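Student: I would like to learn how to read a structure such as this one. Please take me through its features in turn.

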Amino acid sequence: MNSSHQNRRSFLKTFGTGSAVLAAGSLFSCSRAQQPNVLFLFTDDQRFNTLNALNNPDIQTPNLDRLVRRGLAFTNAYIMGGFSGAICMPSRAMLMTGRHLFHIQDNGRSIPDEHIMMPEYFRSKGFQTFGTGKWHNGRSAYARCFTDGDEIMFGGMGDHWNVPAYHFDPHGRYDQTTPVIEDPWRSNEITRKNYDHIYAGVHSSELFTQATLTFLRNRDRGKPFFAYVSYMAPHDPRSMPESYRKMYDPETIKLPPNFQPVHPFDNGELKIRDEMLADFPRTPDEVRQHIADYYAMITHLDTQIGRILDELQSAGDMDNTFIVFAGDNGLAVGQHGLMGKQNMYEHSVHVPLVITGPALPENETREGFCYLFDIFPTLCSLYGFEIPGTVDGQSLLPMIREQRPVREDVFFAYKYLQRGYRKNDWKLIKYNVSGVQHTQLFNLVQDPHEMTNLTNDPDYREILKDLTASLQDRMHNAGDPVDLGKPDWNL
């Protein structure tokens, strides 16, 4: 057994049972039977500006708006990126482990045993842990996290009306010996059949919601629960009940201000799968249809989330449950001539994050920078639990209690093609595609849609120089093998 594996087991043995450790800054102390629950609602491809209550009057999200009014909305939450077109995979690995992009192994395809995961840790604290929906980070990792579950989808994407899913196996033996199918992300490889049943004609959002409702109604009320509800929506294919589609008329949809028929230069991923969902060049009518369908999926998803919130309310658990709502990454849907999330623009790396619960402020926002992998240590702090030593993230408790920032900046990476950096009002993006480099500099206060590149403006030469040096420093400290100082970014 290697030393990191031994350290992990030692940590769980030391801190793995009993009531909350009284760590400095925790909000409360109580017995295990009285400890609040955790409900984690995670969506797929939902960008940051898709909640009505957070300044998008064009979308209907009454239940997510309920959460915003009940708690804290973190308006500058980000993902760190990924080294695969399937950005959701490393994003979920970072979320679950609290580790940053360069400290997750194998791009999140299978989380190593020595990386303590959030549900696993809460399970060690005596929580009943439940998981449903999209997992995408290895079957053995799922098995060690959850005491309960149902309708588990181990793949990355699929038909919303025919979800390939597993029932919960308490022994963790999710069969991998059935016939092979092609992996949609890596067509030169094959993977094992990824399910044991399909409920044909049941939408994924409704399937996962019903599994959650069944758990909530039958759970062990002598224990707190940690429920992880991971939706496939609003990831394409964009399908939902027809009544929701009719709520959005494409002819009345506003085009985003940064709509472009094509991206102005090659960013290295202009022909990846996500970008093939619309024709080239992009047309206003087609993009309006995509946006309408995207919004309709989110509104249908919002209805399903409302069913879970109503169940918590009727069971008397709403005021004793921390609810976390977040998205795994954003999506372009026609902005900058792009459709997908394989880029460093705000629409793709900026994500929604709302946290509600006992002793938390209500109907407030926090503007400080944070990553999704800060959620794990934040929940630990809320309970007064020791933060595992394998976690890179920072607790957001200072932001919650004192409105004190915990990060002065954030940086992003996509493969070896793109790097991004955000500090204060400024955003820097650098590209290297087959030796051809591009740089973009935006002032996000004056230019929130990233439309005016200030790179060649002499008035901003020093800002560009300082941001580039800070980005390189952050990359170096994180263990990024890319060196911006080399003309061709050689590794």
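Tutor: Start with strand pairing: two strands pair if DSSP finds at least two bridges between them. Helices (H or I, at least four residues) and strands (E, at least two) are DSSP runs, numbered from the N terminus. This is a predicted model, where local features need pLDDT of at least 70, side-chain atom pairs count only at pLDDT 80 or more, and totals for chains, interfaces and linings use all residues. Residues are numbered from 1 along each chain as its sequence is written, and side-chain values use heavy atoms, with hydrogens and water left out.

Student: In which sense do β1 and strand β9 pair, and over how many bridges?

Tutor: Strands of a sheet pair through backbone hydrogen bonds, either parallel or antiparallel. Here β1 and strand β9 (residues 225-230) pair in the parallel sense, over five bridges. Phe 42 has Ser 230 in β9 as its bridge partner. β1 is also joined to β10, by seven bridges, and these two run parallel. There, Leu 41 has Phe 325 in β10 as its bridge partner.

Student: Are the faces of β1 covered or open?

Tutor: In a regular strand the side chains alternate between the two faces of the sheet. Buried means under 20% relative accessible area, exposed over 50%, partly exposed in between (1.4 Å probe, protein chains only). Both faces of β1 are covered. Asn 37, Leu 39, Leu 41 and Thr 43 are buried on one side, and Val 38, Phe 40 and Phe 42 on the other. Seven of the seven residues of β1 (residues 37-43) are buried, so the strand is largely enclosed by the rest of the structure.

Student: What is the strand order in the open sheet of three strands?

Tutor: The order is β11-β3-β14, with mixed pairing. β11 and β14 (370-371) each have a single partner strand, so one side of each is left without a neighbour in the sheet. Strand β3 (residues 77-78) and β14 run parallel, joined by two bridges. Tyr 78 has Tyr 371 in β14 as its bridge partner.

Student: How many aromatic pairs does a search of the whole structure find?

Tutor: A pair of aromatic rings is described by the distance of the centres and the angle of the planes. Rings of Phe, Tyr and Trp (its six-membered ring) pair if their centres lie within 6.5 Å; planes under 30 degrees apart count as stacked, over 60 as edge-to-face and the rest as tilted. The search finds 37 pairs. One of them, Phe 127 with Phe 385, is edge-to-face, at 6.5 Å centre to centre and 90 degrees between the planes. These two residues are 258 residues apart and link distant parts of the chain. Phe 127 is buried, at 2% relative accessible area, and Phe 385 is buried, at 1%. Phe 322 and Tyr 383 have ring centres 5.5 Å apart and planes at 65 degrees, so this pair is edge-to-face.

Student: Which charge lies over the face of Phe 385?

Tutor: A charge sits over a ring if NZ of Lys or CZ of Arg is within 6 Å of the ring centre and within 35 degrees of the ring normal. Lys 125 lies over the face of Phe 385, 4.5 Å from the ring centre. The charged end of Lys 271 sits over the ring of Phe 280, at 5.3 Å from its centre.
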